[in-house]
Amino acid sequence: MDVILLSRLQFAITTVYHFFFVPLTLGLSVLVALMESIYVSTGQEVYKRMAKFWGKLFVINFAMGVVTGIVQEFQFGMNWSEYSRFVGDIFGAPLAIEALLAFFLESTFLGVWIFGWEKLSKRAHATAIWLVAIGSNVSALWILIANSFMQQPVGYALSGGRAEMTDFFALVLNPNVWVQFPHVVMGGFVTAAFFVMGISAYHLVRKNEVDFFKRSFQMAAIMGAIGIIMVGLIGHSQAQHIVEVQPMKMAAAEALWNTEDPASFSLLTIGDLTQRREVFSIRLPRLLSLLAYNQLAGEVKGIYDLQNMYAAEYGPGDYIPPVAVIYWSFRIMVGAGVVLGLLALYALFMVMGDMLMVRPRALRLYSWALALPYLANTAGWMMTEMGRVPWVVYGLMKIEDAVSTTLSPAQVLITLLGFTLIYGALMVADVYLLMKFARKVPSEEMTASTDDEESLPSLIST
Amino acid sequence: MLDLNTLWFVLIAVLYSGFFVLEGFDFGVGILLPFISRAQEPQEVDRRRRMMINTIGPHWDGNEVWLLTAGGATFAAFPHWYATLFSGFYLALFLLLLALIVRGVAFEFRSKDANPKWRRLWDGAIFIGSALPALLLGVAFGNLVRGVPIDAEMNYVGGFFNLLNPYALLAGVTALVTFALHGAIFISLKTEGDLKVAASKAAQRLWLPTVILLLGLLTFTYFETDILARLGVNPGIVPLSGMAAILLAGYFIRRQREGWAFLMTALTILMTIATVFMILYPRVMISSLDASFSLTIYNASSSPYTLRVMSIIALTFVPVVLAYQAWSYWVFRKRLTVTSALEY
């Protein structure tokens with residue numbers, strides 16, 4: 001194996017892993033902040049307990065997101081130093097801004113929040129968690145501004161063998177940011193909503209602390225329903241945006257080998273990967289044109305034509321990304337999204353009809369559905385990043401030119417194995433703790449830690 | 001007149017200074033975790049460790065962001081520095097990352113299960129995760145001032161073991177011991193009772209080795225680097241005032257003036273980092289192969305436009321960050337006592 005392949009594998013593993021934790025942070029911080037704000041404005045103790053219970057799970061998850069995020073910040077330089085040299089003038093800026101505006105904010109105020117229950121006024125304490133929520137979401141904005149440059153380079157000029165920033169505001173206002181960022185944030189809200197619904201359902205089925213978990217489920221159901229509708233709507237504009245700026249990605253996502261007008265939508269396509277052609281396909285006529293342009297006709301370019309176009313524009317080479325991966329990632333993401341949409345609406349329906357306690361079988365479904373947003377999030381990024389192959393910066397730099405030239409395969413193999421092993425072990429510990437605290441009945445938890453907080457034994461037992 | 005390249009060089013120096021002064025004491029607390037928590041009763045050991053972690057609990061993550069921001073600022077302002085350094089010190093950085101990963105997780109995880117084996121595992125992670133980065137960062141900075149093989153293409157051409165020369169190793173050990181002292185003083189400043197006594201004792205014991213190591217490192221630096229041959233910047237007064245501060249720290253430790261002692265070790269660290277950056281200036285990575293291959297704040301920098309944009313953003317937000325981080329220290333200014341409720 002060569003340095004490029006190993007480095008790509010390492011980037012994929014560390015990034016996908018990092019993004020297991022990010023979406024929950026984005027959504028759950030907001031949900032916990034809402035809970036605490038309700039507590040502050042109504043004085044109802046149950047919302048304080050909710051903020052503490054979900055806050056504990058938030059912190060466990062947050063820690064994993066933070067530490068795996070450090071790797072992200074460093075590995076552009078470590079494995080992709082040629083990339084860093086080529087785009088550093090542009091790409092480094094949002095990364096530095098992310099650290100300055102977001103990382104400081106979320107880490108400082110999370111510390112204040114965890115340790116400050118007794119030290120701050122109620123209002124100030126609630127403000128701390130809001131600042132954590134704002135910090136996390138601002139962090140997503142800046143890293144997606146960086147990623148958007150890779151998807152759709154704007155506001156730059158080539159000079160002295162590298163891309164240099166010419167317009168900071170063009171970078172920030174990159175049209176790609178404003179479809180990608182809300183899609184990711186809303187995806188995070190959905191992830192958090194199903195996380196809370198899934199765990200609440202677990203307790204409601206067992207009739208643990210019914211009032212506590214009903215309220216939690218309620219809040220999450222509302223967030224989930226709003227979130228998933230937004231995800232769908234934004235996802236639709238995002239797909240249209242991709243047809244426009246990265247036609248190859250959409251053609252691959254649809255396994256559309258030949259240009260069609262009107263274009264059909266693939267329900268199921270089986271292809272021959274070595275020959276790169278379609279073997280069998282069920283397609284719905286005109287639907288792809290409709291999705292792409294909101295009308296029943298319109299040309300959608302196929303993979304073969306795009307390959308020829310790119311070869312003419314950028315010189316001979318292979319411009320076809322791994323079609324099967326993109327095709328299936330897209331379908332897994334959209335499929336999971338549809339199921340989540342139905343579940344979110346049904347959850348809202350149950351909440352409004354006060355039926356949570358009489359439908360245990362339906363409730364159980366939500367404990368299982370907890371996994372679906374994770375599947376959708378991962379698949380979405382697989383499509384986004386793999387769909388850009390062979391480019392690291394679309395149209396500007398290829399992946400093979402981006403890798404560090406000084407590394408040996410052995411070095412990268414060591415780090416790849418090292419990261420994978422430690423990440424695997426941490427996942428076990430993380431899931432163990434999350435399960436442990438998710439299953440804990442909050443009333444027992446609270447009496448143990450609040451009633452005798454001043455006495456010594458609890459210092460040891462908690 | 002200060003140009004933007006120099007401004008960013010100074011800003012990155014400030015970020016590293018902030019990082020080492022702040023994370024220095026929380027590395028120190030982690031390094032001391034297994035040692036000054038010794039007691040007869042296992043429960044007492046656990047309580048002391050919990051207290052030690054609680055002294056840095058609200059702060060360590062915010063402290064670590066100084067390093068992340070330094071990394072990000074290096075990328076934004078000096079992309080070639082970022083690229084050469086991070087790809088060149090590849091395996092060392094990998095070890096640093098692993099250490100920081102297990103450390104950060106350990107702080108959050110260790111108290112969430114009462115099983116003694118679970119706690120021992122994460123306490124071990126906190127120790128290694130604090131000691132190893134201290135050592136590695138010392139080695140890295142030692143190599144930065146000493147110079148490393150960099151070719152005409154700005155690529156590091158030495159291997160991993162090239163970094164482990166005696167000078168850099170001495171810098172690593174010095175960092176380790178200095179942070180342990182800094183951490184011991186911090187614990188004695190933030191606690192009361194047995195733990196404070198143990199921390200004060202540790203500080204007294206660590207002081208002399210720290211002085212000897214720092215003196216040795218400084219002497220070695222005059223031979224190993226071009227500190228004396230540098231024109232324009234005089235590095236003499238800065239490292240000497242760092243030495244004066246560490247001597248004064250010894251006086252304050254003995255007089256039980258923890259606040260002053262802490263200020264002095266903070267100054268020592270600050271002056272040491274200042275010395276590093278004064279030796280470097282205007283270079284950011286010194287090539288040991290050919291002086292003309294060195295990366296400087298000019299040949300490694302971003303475009304003037306990017307530097308201008310980033311300057312506006314940094315000068316706007318750095319004061320805000322400083323203000324709220326200082327506020328967070330104010331919130332948790334009280335000493336932890338035996339009766340303090342130890343969160344989570």
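The following questions and answers concern a predicted model of two chains, A and B.

User: How are residues and chains labelled, and what pLDDT do local features need?
Analyst: Residues are numbered from 1 along each chain as its sequence is written, while chains are lettered from A and ligands numbered from 1 in the order in which they are written. Totals for chains, interfaces and linings use all residues of this predicted model, side-chain atom pairs count only at pLDDT 80 or more, and local features need pLDDT of at least 70.

User: What is the mean pLDDT of chain A, and over which residues is it below 50?
Analyst: pLDDT is the predictor's confidence in each residue, from 0 to 100. Chain A has a mean of 92, with 96% of its residues at 70 or more. Where pLDDT is low, the predicted coordinates should not be read in detail. The stretch of chain A with pLDDT below 50 is residues 447-462.

User: How many residues of the side of chain B that touches chain A are nonpolar?
Analyst: With contact meaning C-beta atoms, placed from the backbone, within 7 Å, the interface takes 61 residues from chain A and 62 residues from chain B. Ala, Val, Leu, Ile, Met, Phe, Trp, Tyr, Cys and Pro count as nonpolar, Asp, Glu, Lys and Arg as charged, and the others, Gly among them, as polar. On the chain B side, 7 are charged, 18 polar and the nonpolar ones number 37.

User: Is strand 4 of chain A largely in the open or buried?
Analyst: Strands are DSSP runs of E, at least two residues, numbered from the N terminus. A residue is buried if 20 or more other C-beta atoms lie within 10 Å of its own, exposed if 12 or fewer, and partly exposed in between, with C-beta atoms placed from the backbone. Of the 8 residues in strand 4 (residues 277-284) of chain A, the number buried is 0, so this strand lies largely in the open.

User: Which residue in the turn between strand 3 and strand 4 of chain A has a positive phi?
Analyst: Strand 3 (residues 265-272) runs antiparallel to strand 4 of chain A, joined by 7 bridges; two strands pair if DSSP finds at least two bridges between them. They form a hairpin with 4 residues between them, and the residue with a phi of about 55° is A:Arg276.

User: How far is B:Ser294 from B:Val148 in space?
Analyst: B:Ser294 lies in the loop between strand 1 (283-285) and strand 2 (295-296) of chain B. It is buried because 20 other C-beta atoms lie within 10 Å. B:Ser294 and B:Val148 are 146 residues apart in sequence, and their C-alpha to C-alpha distance is 9.3 Å.
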